Amino acid sequence: QVQLVESGGGLVQPGGSLRLSCAASGSIFSMNTMGWYRQAPGKQRELVATITEGRLTNYADSVKGRFTISRDNAKDTVYLQMNSLKPEDTAVYYCYLKHRFVGRSLWYEYWGQGTQVTVSS
């Protein structure tokens, strides 16, 4: 029903910047949240940032002030601007979507395939 297509990952030096994009295809219901999670080697998957259809945002403490999440509702696309990157930001980043109809209790969840972000000199 819904597919998430990611782009923008790659190799960057410490202190540099990257911009991740995730485009959702298919029908997106009125109540929805999109965002990014990441998983580093030897660690569990963790929340990076989320944004609702009303553009209410939430960030992990480790990225506050450095990362900015935004969305283009007309394109069903979410972005993650990553500045002042650190080696500890190295991880596979996964795009995320959950949505439901107003008046229904069941949430539908989707994940992208993941994109590698490597911060190293």
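Student: Over the face of which ring does R19 lie, and at what distance from the ring centre?

Tutor: A charge is taken to sit over a ring if NZ of Lys or CZ of Arg is within 6 Å of the ring centre and within 35 degrees of the ring normal. Here R19 is placed over the face of Y79, at 4.3 Å from the ring centre. K98 also lies over a ring face, that of W107, at 4.7 Å from the ring centre. The model is predicted: local features need pLDDT of at least 70, and side-chain atom pairs count only at pLDDT 80 or more, whereas totals for chains, interfaces and linings use all residues. Residues are numbered from 1 along each chain as its sequence is written, and side-chain values use heavy atoms, with hydrogens and water left out.

Student: How many aromatic pairs does a search of the whole structure find?

Tutor: Rings of Phe, Tyr and Trp (its six-membered ring) pair if their centres lie within 6.5 Å; planes under 30 degrees apart count as stacked, over 60 as edge-to-face and the rest as tilted. The search finds five such pairs. In one of them, the ring centres of F29 and F101 are 3.9 Å apart and the planes meet at 20°, so this pair is stacked. The two residues come from distant parts of the chain, 72 residues apart: F29 from the loop between β3 and β4, F101 from the loop between β9 and β10 (108–111). Strands (E, at least two residues) and helices (H or I, at least four) are DSSP runs, numbered from the N terminus.

Student: Which kind of aromatic pair do F29 and Y108 form?

Tutor: That pair is edge-to-face, with 6.3 Å from centre to centre and 80° between the planes. Because F29 lies in the loop between β3 and β4 and Y108 in strand β10, the pair ties together parts that are 79 residues apart in sequence. Taken together, F29, F101 and Y108 form one aromatic cluster.

Student: Is F29 buried or exposed?

Tutor: The classes rest on relative accessible area: buried is under 20%, exposed is over 50%, and partly exposed is in between (1.4 Å probe, protein chains only). F29 has 12% relative accessibility and therefore counts as buried. F101, at 40%, is partly exposed, and Y108, at 36%, is partly exposed as well.

Student: Which residues have the most contacts inside the largest nonpolar core?

Tutor: In soluble globular proteins, nonpolar side chains tend to be buried together. A nonpolar core is a set of buried Ala, Val, Leu, Ile, Met, Phe, Trp, Tyr and Cys residues joined through side-chain atoms within 4.5 Å. The largest core in this structure has 29 residues, and L4, W36, L80, M82 and Y93 have the most contacts inside it. Two or more residues each are contributed by β3 (18–25), β4 (31–39), β5 (46–52), β7 (67–72), β8 (77–82), β9 (91–100) and β11 (115–119).

Student: What is L80 in contact with, leaving aside its neighbours within four places in sequence?

Tutor: Contact means heavy atoms within 4.5 Å. On that basis, the partners of L80 are L18, R19, L20, W36, V48, A49, F67, T68, I69 and Y93. L80 belongs to strand β8 and is buried, with a relative accessible area of 0%. With the same exclusion of sequence neighbours within four places, M82 contacts G16, S17, L18, L20, R66, F67, Y93 and V117.

Student: Which strand holds T77?

Tutor: T77 is in strand β8, and its 8% relative accessibility makes it buried. A polar contact is a pair of N or O atoms within 3.5 Å; within protein, one must be able to donate a hydrogen and the other to accept it, and residues adjacent in sequence count only if both atoms are side-chain atoms. A polar atom of the T77 side chain lies 3.0 Å from the backbone oxygen of K75. Beyond residues up to four places away in sequence, T77 touches C22, A23, S70, R71 and D72.

Student: What is the distance between the sulfur atoms of C22 and C95?

Tutor: A disulfide is a covalent bond between the sulfur atoms of two cysteines. The criterion is a pair of cysteine sulfur atoms within 2.5 Å, and the count comes to one disulfide. C22 and C95 form it, with their sulfur atoms 2.0 Å apart. The torsion about their S-S bond is about -90°, so the disulfide is left-handed. It links distant parts of the chain, C22 in strand β3 and C95 in strand β9, 73 residues apart. Both cysteines, C22 and C95, are buried.
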